[in-house]
Amino acid sequence: MKEAKRSTFSGRIGFVLAAAGSAVGLGNLWRFPYLAAKYGGGIFLLIYIILAVTFGFTLMITEIAIGRKTQRSPMEAFGNLNKKWKWLGTLTTLVPVIILPYYCVIGGWVIKYAAVMLMGKVQEAAGSDYFSNFIAQPAEPLIWFFLYATATAVIVFLGVDKGIEKMSRYLMPALLVLTVVLTIFVVCQPGALEGVIYYIKPDFSKLSVMTFVAALGQLFFSMSLAMGIMVTYGSYLKKDSNITTSTRQIEAFDTIVAFLAGLMIVPAVFVYSGGDESALGQGPSLMFVTLPKVFAGMPFGSAVGAAFFILVLFAALTSSVSVMEAIVAGMTDKFKIERKRASLIVYAYSLLIGIFCAFGFSIWKNFTIMDLSILDFLDFISNSVMMPIVGMLTCIFVGFVIKPKAVSDEVELNGRFKEKKFYSVMVKWIAPVCIFAILVSSVLNTLGIVVI
């Protein structure tokens with residue numbers, strides 16, 4: 001059977017926008033602001049930026065280079081470089097397989113709130129029990145989930161250039177513009193300056209081991225590392241594109257959006273909650289409970305709320321598309337299945353498992369694993385356990401099996417790799433240790449054990 005010609009991005013800009021779209025997701029818009037506020041504002045930002053240009057750069061350039069070097073998704077890429085490590089490709093592909101269904105459920109929640117805000121029902125959405133009552137319904141969350149999953153599948157079904165790249169070329173500039181406009185609006189509100197200072201002023205009293213671990217963990221999740229996505233997107237990158245420049249641009253886009261999201265959300269919550277730091281709750285409580293209350297107290301609250309949830313929808317969609325693409329690419333590479341057929345299979349799978357996740361808050365709410373709902377358990381396994389393990393193993397694979405030179409040679413196809421020596425030390429020694437720290441702290445945190 002003759003293998004079809006592999007799809008590619010039209011150029012470096014298309015690749016950067018698509019990869020940045022994958023990196024900029026829900027984590028940037030609710031997890032980053034929460035962590036920045038919790039771990040000392042400016043000091044967290046400083047540590048995050050330092051880690052982004054060191055640790056983040058190392059892992060991202062590794063994955064992109066492996067993808068372009070092998071022209072394969074993770075399912076085949078690692079085995080292509082060393083047959084004994086083919087299993088790492090399978091393990092890597094399992095991460096997006098676990099993430100996709102529950103991510104689409106959350107994406108459905110975002111569409112629901114965007115629709116509510118567009119209808120001018122901000123006061124209704126601000127009700128204390130509005131979100132809990134919504135997800136406790138068996139039917140309505142499924143409708144929004146199906147809508148979101150279908151939108152994701154259609155984009156992937158259309159292909160790399162006509163689907164993913166075209167979406168990214170429109171959504172990423174729109175996302176950036178919306179972020180800037182909303183941030184300016186919030187910062188200009190009366191009393192917002194106090195919240196801005198709270199967000200950006202370093203609080204050294206909160207500097208701890210967990211500050212570094214939290215910043216590193218956020219960076220890990222935010223940049224779509226150890227999920228097979230950057231390997232997959234790298235496999236679509238043309239050989240004449242500069243990997244180093246592209247990596248820096250993706251990092252910059254992701255960091256700017258995360259910073260602006262914090263500059264938008266932290267002052268807004270700080271001002272409209274009367275300076276109550278606990279209002280910056282993590283996860284769904286911030287996005288779907290606290291922020292609607294903030295919008296309800298703002299001038300033009302419905303319009304601001306609608307713009308915000310449309311922004312979140314854009315960010316979520318670009319990320320879920322990349323997650324689904326990583327699975328589809330793995331199937332087409334491994335089993336030589338035609339792309340459209342693979343897309344439909346993955347779509348059907350995401351619907352099936354997503355139903356279980358959605359029902360975990362309604363008819364199956366009493367069913368828990370480790371005292372976690374189905375959705376929360378899948379999130380824990382993928383984000384807190386599997387991603388750190390995959391990232392650590394990838395570093396070991398590059399550092400001691402194929403050697404850093406294999407990556408450096410690929411990077412240097414388009415110019416000198418100035419950071420070659422630094423990269424070698426990072427990927428062999430520093431990055432694996434840091435990722436191991438994330439793994440241990442995440443598991444301990446879930447078990448309720450406090451890390452100093």
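## The loop at Phe300

Phe300 sits in the loop between α14 (284-296) and α15; helices here are DSSP runs (H or I, at least four residues), numbered from the N terminus. Its phi is near 55°, a positive value in a residue other than glycine. Phe300 is also exposed, with a relative accessible area of 65%. On that scale, buried means under 20%, exposed over 50%, and partly exposed in between, using a 1.4 Å probe and protein chains only.

A word on where this comes from: the model is predicted, so local features need pLDDT of at least 70 and side-chain atom pairs count only at pLDDT 80 or more, while totals for chains, interfaces and linings use all residues. Residues are numbered from 1 along each chain as its sequence is written, and side-chain values use heavy atoms, with hydrogens and water left out.

## Another positive phi: Lys403

Lys403 is in the loop between α17 (374-401) and α18 (404-411). Phi is near 75° for Lys403, again a positive value in a residue other than glycine. With 43% relative accessibility, Lys403 counts as partly exposed.

Tyr272 belongs to helix α13 and is partly exposed, at a relative accessible area of 30%. Setting aside neighbours within four places in sequence, Tyr272 is in contact (heavy atoms within 4.5 Å) with Gln189, Val294, Gly297, Met298 and Pro299. Gly195 is 77 residues away from Tyr272 along the chain, and their C-alpha atoms are separated by 9.9 Å.

Ile353 is in helix α16 (residues 339-359), and its 25% relative accessibility makes it partly exposed.

## How α1 meets α13

Helix α1 (residues 12-23) and helix α13 (residues 243-272) have axes that come within 9 Å and cross at roughly 40°. The axes are lines fitted to C-alpha atoms, for helices over the stretch in contact, and angles run from 0 to 180 degrees between N-to-C directions. That angle makes α1 oblique to α13: under 35 degrees counts as roughly parallel, over 145 as roughly antiparallel, 65 to 115 as roughly perpendicular, and the rest as oblique.

On the α1 side, the contact uses Arg12, Phe15, Val16, Ala19, Ala20 and Ala23, and on the α13 side Thr245, Ser246, Gln249, Ile250, Phe253 and Asp254. Sorted by class, this contact has seven nonpolar, three polar and two charged residues. Here Ala, Val, Leu, Ile, Met, Phe, Trp, Tyr, Cys and Pro count as nonpolar, Asp, Glu, Lys and Arg as charged, and the others, Gly among them, as polar.

## How α5 meets α17

Helix α5 (residues 86-118) and α17 pack at an angle of about 150°, their axes 9 Å apart. This crossing is left-handed. The contact of α5 with α17 has 20 nonpolar, four polar and one charged residues.

## The nonpolar core

The largest nonpolar core holds 169 residues, and Trp109, Tyr233, Phe308 and Phe309 touch the most other members. Such a core is a set of buried Ala, Val, Leu, Ile, Met, Phe, Trp, Tyr and Cys residues joined through side-chain atoms within 4.5 Å. Helix α15 (residues 301-335) gives the largest share, 20 residues.

What does Tyr233 touch, not counting residues up to four places away in sequence? The list is Phe9, Phe15, Ala18, Ala19, Ser22, Ile164, Val321, Ser322 and Glu325.

Technical notes:
Helices (H or I, at least four residues) and strands (E, at least two) are DSSP runs, numbered from the N terminus. A crossing is left-handed if the near helix is turned anticlockwise from the far one by less than a right angle, and right-handed if clockwise.
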